[in-house]
Amino acid sequence: MRLWVKHARQVVRVVSDADPCREYLAGPAQKNCNLAILEEKDGIGLSIIIDRDGLIADIGYDDVMQHKYENQTIEEIIDATGRSVLPGLVDAHTHPVWAGDRVHEFSMKLAGATYMDIYEAGGGIHFTVNHTRNASEDELYGLLRQRLMRMLANGTVLVEGKSGYGLDAENEIKMLRVLERAKRELPIDISSTFCGAHAVPKNQTAEEATQNVLNEQLPKVMLMQANGELHVDSIDVFCEKGVFDVEQSRRILEAGRRAGLRLNFHADELTPINGTEMGASIGAEAMSHLEEISPAGIAAMAVKPSIAVILPTTAYLLRLKPPPVREMITQGVPVALGSDFNPNAYCLSMPLVMNLACVLFGMTLPEALVAATINAAAALGKQNTHGSLEIGKYGDLLILNAPRWEHLVYQMGDNQQVIGQVIKRGRIIDRTAT
């Protein structure tokens, strides 16, 4: 065995083999989730055993585990006396590959400029596109490595990473290659998303940009996928007034579906254009932002259902109307969380995202943990390996320097002290390595 975590006061499984809903939690299952928590009993703590393949082999009370595994060779033992253990966190929406920060735009936003004001003036995405195009793959990888290792130090073990700051085939592929290198070299799991339709290039109309994605970018990405050079899971489009309209977005997403990609896109963030209804009609696995989702859009998402990826940092920084999270949960839409890490929302901490979701959007602590674990994993199609502490899943754990898991969210802004160890597939992560 690779690792034995002993004597924990609390183990938060999120879901377990006994739960009828295990792939994601929606409606009453998310609202009333008991998190499958195991507690120390009669002075006997809890153990988690991780095997040599980095998978969870067993979970139970110390005395039972001692009897079962006393003759096994264990590479490493962690004494978790008085501490809480929970699954590694999942960040379901990020834009982590880019060069050129936008700190100057923060002042503009504070002075009242809107996202689209900055975008139409050539800032925002366009500013980052120029810097990203001019950066080499090695430069982009160096920046990405630091960001991902900081995410890992803050408890994120699986992250969705988008392209989208290239806007042409050459540079979108450059970004996806950088993500591919990170998958090989870094101890964090990455789900790649092709987001060539993130913005309309300055020299093109939206229709010309749509044709470029359909006829140039996507075919080249998928050729590299077929050759084993890239491993892309999903396709994204910024479905928004002034960017890609609903029908252009539909064509891009349907092309991605035909190519074998999951649909995971930006919908109804700034204006209510019924992008959510379109996404639901074509079976999108996940949709993000949703500040301007309509009641009909919520109902449509609940049918299949499609996972709502909520991004509190962006709503907070752009002073947007909060997405109707309570209505989504009530109507049976599974809610996940993402940091939306990008030059506009520089946040690498999922515990902070969870805090914002609770305070700003009215989520309960258990709802936020579900949203940052099993539901976020399901948004990426990774629920069979990530998002809960179950036998056979990856041995990805957070061991907290606290007796209860809620301290991860409660102790706002200090999560690297609250988190005692980050365990990735049974290995302790060196959180000083950035």
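Student: Which residues lie nearest the centre of the largest pocket?
Tutor: A pocket is an open set of points on a 1 Å grid over the protein atoms alone, with protein on both sides within 12 Å along at least five of seven lines, and lining residues have an atom within 4 Å of a point. The largest pocket has 18 lining residues. Those nearest its centre are Leu317, Asn344, Ala345, Tyr346 and Cys347.

Student: What kind of model is this?
Tutor: Residues are numbered from 1 along each chain as its sequence is written, and side-chain values use heavy atoms, without hydrogens and water. Local features need pLDDT of at least 70 and side-chain atom pairs pLDDT 80 or more, while totals for chains, interfaces and linings use all residues, since the model is predicted.

Student: Which helices each supply at least two residues of the lining of the largest pocket?
Tutor: The space in this pocket, the part filled by probe spheres set on joined grid points, is about 340 Å³. Its lining has eleven nonpolar, three polar and four charged residues. The helices (DSSP runs of H or I, at least four residues) that each supply at least two of the lining residues are H3 (103-110), H12 (312-318) and H14 (350-361).

Student: What is the volume of the largest cavity?
Tutor: In a cavity a 1.4 Å probe fits but cannot get out, and the structure holds two cavities of 30 Å³ or more. Of the 14 residues lining the largest cavity, His95, Tyr115, His198, Asp340 and Asn342 are the closest to its centre. The lining divides into four nonpolar, seven polar and three charged residues. The volume of the largest cavity is about 110 Å³.

Student: How much space lies in the second largest cavity?
Tutor: Its lining residues include Pro87, Val157, Ser388 and Tyr394. By class, they are five nonpolar, five polar and one charged. The space in this second largest cavity is about 50 Å³.

Student: Is Ser388 buried or exposed?
Tutor: Ser388 sits in the loop between helix H16 (374-379) and strand E16 (397-400). Not counting residues up to four places away in sequence, Ser388 touches (heavy atoms within 4.5 Å) Arg13, Val14, Val15, Pro87, Ile374 and Lys393. Its relative accessibility is 3%. As buried means under 20% and exposed over 50% (1.4 Å probe, protein chains only), Ser388 is buried.

Student: How far apart in space are Ser388 and Leu86?
Tutor: In sequence, Ser388 and Leu86 are 302 residues apart. In space, C-alpha to C-alpha, they are apart by 7.9 Å.

Student: How many disulfides does the structure hold?
Tutor: A disulfide needs two cysteine sulfur atoms within 2.5 Å. For Cys358, the nearest cysteine sulfur is that of Cys33, 13 Å away. The number of disulfides is zero.

Student: Which helices do the buried residues of H5 pack against?
Tutor: In H5 (residues 125-134), Ile125, His126, Thr128, Val129 and Thr132 are buried. They are on the same side of H5 because they cover an arc of only 155° around the axis, taken from the directions from the axis to the C-beta atoms. The helices they pack against are H4 (115-120), H6 (137-153) and H7 (169-185).

Student: What is the arc of the buried residues of H2?
Tutor: In helix H2 (residues 62-69), Asp62, Met65 and Tyr69 are buried. They line one face of the helix, because seen down the axis they fall within an arc of 65°.

Conventions
Ala, Val, Leu, Ile, Met, Phe, Trp, Tyr, Cys and Pro count as nonpolar, Asp, Glu, Lys and Arg as charged, and the others, Gly among them, as polar.
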